[in-house]
Amino acid sequence: MRDHPSILLFMVDQLSAQWMEAAWSGVCPTPNIDALRARGTTFTQTFTSNPVCCPTRATIATGQTTRGHGLLENGYFLDPALPTFMRVLQENGWRTGVLGKVHFYPHFAGFYPDYKPFGFDVTHITEDGRGGEWLDWVEANHPEHFASVLATIWPSKIPDYVAYGPDKIDLRSRIEAIRADFDFATPEFPENDGRAYTLPFPEEVSQTNWITGHALNFLASTRDDQSFFAQVSYVQPHSPFHPPGEYMQYVESDRIPEPAPVEWVDDPHAPHELKRRTPDIPDNWRYQRQCYFADIVHLDRQLGIVVNRLEELGRLDDTYILFLSDHGELLFDHGFTSKEEKHYDACFRVPLIVAGPDLGRGQVCEKIIQLEDICPTILDIAGLQLPPMPKMGPYLPTPVAEIPTLAGRSVLPFCRAEAVDDWRNTAYCESYNRIDAEHFQQWARTVRTKRYRYTLYPEDGEQLFDLINDPDEQHNLSADPAYATVRTELRDQLLTLVIKQDSPKTRRSHFALGVH
């Protein structure tokens, strides 16, 4: 008999709540995600506070804000000395594993990161850069597909590709030579190109299936009497969009929504940071979206495979499952792709489903959730807490148990349909530089309520949208006199939220509170 529940964190990359909802409206079938929704609570207003991989994933693991853990953008290292929920679980008897993408370290730092110091017993890592364990597995077990796999490696500038593996092979030259001549188009899928294509190798060779395979092995190798935490974390549907071809048939292409129009081009009050761009809505936008939705169908299939294995092992009834994404994907809405400082709905609102043995079923919660809430939720499931903040000396009278350690709160009360006092009524989002820029005009700051989204760009512009009357965010009201009071109130709220991003106090390089 197991003393504690097990926890499965099923995580995908770059999936917007908006596109998940489009799938549910009939664009493509998601029977396994639908089954999870029926077993748990769907949170419709969940937001990432920094819509890019590294910062968000550090926030999920530590429960800290961006400024709390220090990963402002991709390119930073998460300090293993900072407490994580997975280390707390590990230290209290859970077997912990991470299968797939982690991204606590920059991809340019190498293909064989050691994530065990963060609290993982078992690690099988493959990330955006493709190099490392999965690529080595392909070469050893599917050499006939190795060249096609190399053709899909878009970040060939990662330094380790110049001297790859123990033999220091110049794999970059081979990748770039293959990509220069590779034709993604096929007779069945002539619209394939380098931005969106069907996989040029079998599904069973894909990163996605490789991750699922290791998840199944982890579950099967866990002792029946031991509780586990499994982070099953996929690279898809991150761009470039590349589902296995057999999943394209499941997407109703005529039901794919059209991109939201490019409203900022003719907006005299639009931030200059947006106006520096060229709108990007290619002629084949519908095909690219079809590839994205086909990836969702493929990921849904993986969820079903993992849940079925839990049921076969007799583990489903005492396992909590969380389904979420780290950030969104604009997918040509407003003429943009990707995420980061363009804080439209598709950028920073993400799906979240929580199901478990003692939780309500088939519920929908519209409370504003931030991904800072994931760490305290998992700790709440386990009945555990992060280590207290260090305190020393007689100068701080506050008991150590009352010193804040987490920026968010558990969402389990909502899953149990319990009343919750003083819950937030605003979401906060911030962005710093993208990896290809070095100027602070991209340092956008956003406050979002159920009705409004207000974004401030430093020195050169604002956006204010009434989401009830303008859900597609087409009419910037920041200079409209009729909304002057709303703008002022939101700007004041934003200032407060910006200040609160330093709470709780960061543990980085911290010795103790109350030291004279």
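A: A residue is called buried when its relative accessible area is under 20%, exposed when the value is over 50%, and partly exposed in between. The model described here is a predicted one, and a search of the whole structure finds 26 salt bridges in it.

One of them joins the side chains of Glu273 and Arg276, with a distance of 2.9 Å from N to O.

A second salt bridge brings together the side chains of Arg277 and Glu341, at 2.2 Å from N to O. This pair links distant parts of the chain, since Arg277 belongs to the loop between α10 (272–275) and α11, while Glu341 belongs to the loop between β6 (319–325) and α12 (345–348), 64 residues apart. Here both partners fall under the 20% limit, so Arg277 counts as buried at 17% relative accessibility, and Glu341 counts as buried at 0%.

A further salt bridge is formed by Arg491 and Glu462, whose closest N and O atoms are 3.3 Å apart. It too links distant parts of the chain, with Arg491 in helix α15 (residues 484–500) and Glu462 in strand β12 (residues 461–466), 29 residues apart. Arg491 is partly exposed, because its relative accessible area is 35%, but Glu462 has a relative accessible area of 15%, which is under 20%, and so Glu462 is buried.

Some of the salt bridges share partners, and in this way Glu273, Arg276, Arg277, Glu341, Lys342 and Arg434 are joined into one network. Two of the pairs described above, Glu273 with Arg276 and Arg277 with Glu341, can be followed within that network.

Helix α11 covers residues 285–312, 28 residues in total, and reaches 41 Å from its first C-alpha to its last, close to the 40 Å expected at 1.5 Å a residue. This helix is mostly covered, with 21 of its 28 residues buried. Just after α11 comes Gly314, which takes a positive phi of about 70°.

Definitions and conventions
Residues numbered from 1 in each chain as written. Predicted model: local features only at pLDDT ≥ 70, side-chain atom pairs only at ≥ 80, totals over all residues. Heavy atoms only, no water. Helix = DSSP H or I, 4+ residues; strand = E, 2+ residues; numbered from the N terminus. Expected span 1.5 Å × (residues − 1). Buried < 20%, exposed > 50% of the residue type's maximum accessible area, 1.4 Å probe, protein only. Salt bridge = Lys/Arg side-chain N within 4 Å of Asp/Glu carboxyl O.
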